[in-house]
Amino acid sequence: MTDHTQRGNSDYDPNAAYPPPPAYEPEQPVTTDPGVTVWPGGAHAAHQAPPAPEAGGGHGGSYPPPPPGSQPSPGPSPVPAPRRKVRKPIALFAAVAIASGVVGGGTAALIGNTTSHSPVSAAASAVNASSSKTGVAGVAAAVSPSIVEIGATSTAGQSTGAGVIITSDGEIVTNNHVIAGASSIKVTYSNGRTATAKVVGTDAKKDLALIKVDNASGLTAAKLGNSDGIAVGDQVVAIGSPEGLTGTVTSGIVSALNRDVTVSTDESQGQNQGQGQGGGSGQWPFEFGGNQYNGDTGNSTTTYKAIQTDASLNPGNSGGALINMNGEIIGINSAMYSAASSGSSGSSAGSVGLGFSIPINTVKADLDSLRSGGSGS
């Protein structure tokens, strides 16, 4: 305690220490673990850790001051900040993090799921994109296994057309003029395998025929659609064997509906159509709008309602499929206009975008009759 009593000049001692030593012996710190200093408590607990000396001297120093003439002893080691002072911000941070997790739990979970599943979805999208096909390519890939090339041999030679597999045990729909008068029929699948087939039934008035592959099983059957549901302008795909080129794919649109197409029912006409390897013209004659195309249809003819398409059709497409973009058969290709004259060979004929197909609903309505032998010519 500071003494405020006024002293006289006689009491002044110039050699006295300043400040005067305390009236009690100050308690000394106890050092326990290395680097940890504990100041004892008690009546003089107020005299705790001395202030740390300031860098460079300043006004700091040891407290209490050392006795006069003694060497200054190093001050007590600085007391490390209590761990609780360090843990407070950590605890606060953890609390904030926990609170954020509770408040935004739904969002955090959503982000986690999105992050964890996105690569899987992208990989699945990349695999689907690389393995699946759309548009004309998708239709061709799906339907081509159901389309076959038909080679018919007769006394006049050989002709080539196409057919559509409609059952897994080998029933195939084609045009009557493709197999008319044939003594033997060979079928070539899209994978190149071949088989023999026999005629089940024919309907010359509708230019349809049903043949069946011998001892067949497990074949890919085409899906028959609804030709009443198509419209002018719909995109379509045609698959056949023009000029003997098995599995040729072309595409176009539906140009018109319910066209009256007249074709020959004369069996000899069928022997001269197709690829013309045995002297046939390679063109199937038909009549449309009062005019005859690709030769004379003869005196024995029949007329049916047809789908008109600009998909490229050439000799050998007869009996092949006209397909919608869902991969469903909507027609059996039967007639196409060729720019070649009637006296030209089939190899010089070419498509001009004027083709006709028998509606598949006509085919479906005639199947029972064809399976029972058909109406004949």
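**Entry 1: a term, then helix α3**

I take contact to mean heavy atoms within 4.5 Å. With that settled, I looked up helix α3, which covers residues 135-143. I found Gly138, Val139, Ala140 and Val143 buried there. I then asked which strands the buried residues of α3 pack against. They pack against β3 (147-154), β10 (235-240), β11 (248-264), β15 (321-323) and β16 (328-338).

**Entry 2: confidence**

I note that this is a predicted model. I looked up the pLDDT, which is the predictor's confidence in each residue on a scale from 0 to 100. The protein chain averages 73, and 56% of the residues score at least 70. Over residues 89-131 the pLDDT falls below 50, and I found two contacts for this stretch beyond near neighbours in sequence. Residues 341-348 also stay under 50. For residues 341-348 the model has 10 contacts beyond four places in sequence. Where pLDDT is low, the predicted coordinates should not be read in detail. I left the details of both stretches alone.

**Entry 3: Asn175**

Next I looked up Asn175, which sits in the loop between β5 (171-174) and α4 (176-179). Leaving aside neighbours within four places in sequence, its contacts include Asp207, Leu208 and Ala209. Ser318, Gly319, Ile332, Asn333, Ser334 and Ile358 are also in contact with Asn175. For Gly319 I have a distance: a polar atom of the Asn175 side chain lies 2.8 Å from the backbone nitrogen of Gly319.

**Entry 4: strand β8 and its partners**

I turned to β8, which spans residues 208-213. Five of the six residues of β8 are buried, so I read this strand as largely enclosed by the rest of the structure. I looked up its pairing with two other strands. β5 runs antiparallel to β8, and four bridges join them. In that pairing Glu171 stands opposite Lys212 of β8. β7 is also antiparallel to β8, with six bridges between them. Here Gly201 is the residue that stands opposite Leu210 of β8.

β7 and β8 form a hairpin, and I asked how many residues lie between them. There are four, and Asp207 is in the turn. The phi of Asp207 is near 55°, which is a positive value in a residue other than glycine. At 1% relative accessibility, Asp207 counts as buried.

Asn258 is placed in strand β11. Its relative accessible area is 56%, so I put Asn258 down as exposed.

**Entry 5: salt bridges**

How many salt bridges does a search of the whole structure find? It finds five.

Arg371 is partly exposed at 39% relative accessible area. Glu171 is buried, with a relative accessibility of 12%.

Asp214 forms a salt bridge with Lys198, and here the closest N and O atoms are 3.3 Å apart. Asp214 is in the loop between β8 and β9 (223-224), while Lys198 is in strand β7 (residues 194-203), 16 residues apart. I have Asp214 as partly exposed at 29% relative accessibility. Lys198 is exposed, with 52%.

Asp260 forms a salt bridge with Lys305, with the closest N and O atoms 2.8 Å apart. This pair links strand β11, which holds Asp260, to strand β14 (residues 301-309), which holds Lys305, across 45 residues. Both ends count as partly exposed: Asp260 at 40% relative accessibility and Lys305 at 46%.

**Entry 6: cross-references**

Notes. Residues are numbered from 1 along each chain as its sequence is written. This is a predicted model: local features need pLDDT of at least 70, side-chain atom pairs count only at pLDDT 80 or more; totals for chains, interfaces and linings use all residues. Side-chain values use heavy atoms; hydrogens and water are left out. A polar contact is a pair of N or O atoms within 3.5 Å; within protein, one must be able to donate a hydrogen and the other to accept it, and residues adjacent in sequence count only if both atoms are side-chain atoms. Buried means under 20% relative accessible area, exposed over 50%, partly exposed in between (1.4 Å probe, protein chains only). A salt bridge is a side-chain nitrogen of Lys or Arg within 4 Å of a carboxyl oxygen of Asp or Glu. Two strands pair if DSSP finds at least two bridges between them.
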